[in-house]
Amino acid sequence: MKYFPALLTEEETGAFYARIQEEFCRVGWGLYAVELKESGQFIGYVGLHEIGFDADFTPGIEIGWRLAAEVHNRGYATEAAKAVLQLAKSHGIECVLSFTAEINKPSERVMQKIGMEKVGTFAHPKLPTASPLSLHVLYRLRL
């Protein structure tokens with residue numbers, strides 16, 4: 001969570017999980033658990049999520065990932081994101097967006113590796129403008 005403003009509380013985590021479950025029930029896709037094949041160890045998630053704030057590029061569908069730090073730089077986010085893009089296409093999704101804090105170069109690199117195009121930057125509306133996390137890069141991929 002290095003590039004997020006704070007860790008989620010237990011209550012916030014529960015609410016986030018409920019939103020993930022609701023999205024699966026409503027649209028048939030969402031954020032998928034990622035496990036290591038060899039051990040079954042849960043290492044995070046990769047998937048699709050409806051963007052939950054107003055901006056000049058919303059409404060839209062985000063592809064995103066959060067993986068445990070100990071598995072960074074092993075290609076898992078890229079591999080899983082490519083699979084999710086195929087799933088998105090099979091659901092008739094024509095365009096996905098992705099964004100992260102401008103300082104989060106590892107996540108931006110995943111966006112580039114999966115073929116996304118940088119379309120700009122924006123100040124995240126849910127963050128204070130003085131935050132070092134406020135300025136975000138925005139990527140798009142038409143499927």
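This is a predicted model: local features need pLDDT of at least 70, side-chain atom pairs count only at pLDDT 80 or more; totals for chains, interfaces and linings use all residues.
Residues are numbered from 1 along each chain as its sequence is written, and side-chain values use heavy atoms, with hydrogens and water left out. Local features need pLDDT of at least 70 and side-chain atom pairs count only at pLDDT 80 or more, whereas totals for chains, interfaces and linings use all residues.

A search of the whole structure finds 8 aromatic pairs, where rings of Phe, Tyr and Trp (its six-membered ring) pair if their centres lie within 6.5 Å, and planes under 30 degrees apart count as stacked, over 60 as edge-to-face and the rest as tilted. The ring centres of F53 and F99 are 5.5 Å apart with the planes at 75 degrees, so this pair is edge-to-face. Because F122 belongs to strand β5 (residues 117–123) and F99 to β4, the pair ties together parts 23 residues apart in sequence. Ring pairs link F53, F57, F99 and F122 into a cluster. Both F53 and F99 are buried, a term that means under 20% relative accessible area (1.4 Å probe, protein chains only), and F122 counts as buried at 11% relative accessibility.

Strand β2 pairs in the antiparallel sense with β3 over 7 bridges, pairing of strands requiring at least two DSSP bridges, and L48 has I63 in β3 as its bridge partner.

Notes: Buried means under 20% relative accessible area, exposed over 50%, partly exposed in between (1.4 Å probe, protein chains only). Helices (H or I, at least four residues) and strands (E, at least two) are DSSP runs, numbered from the N terminus.
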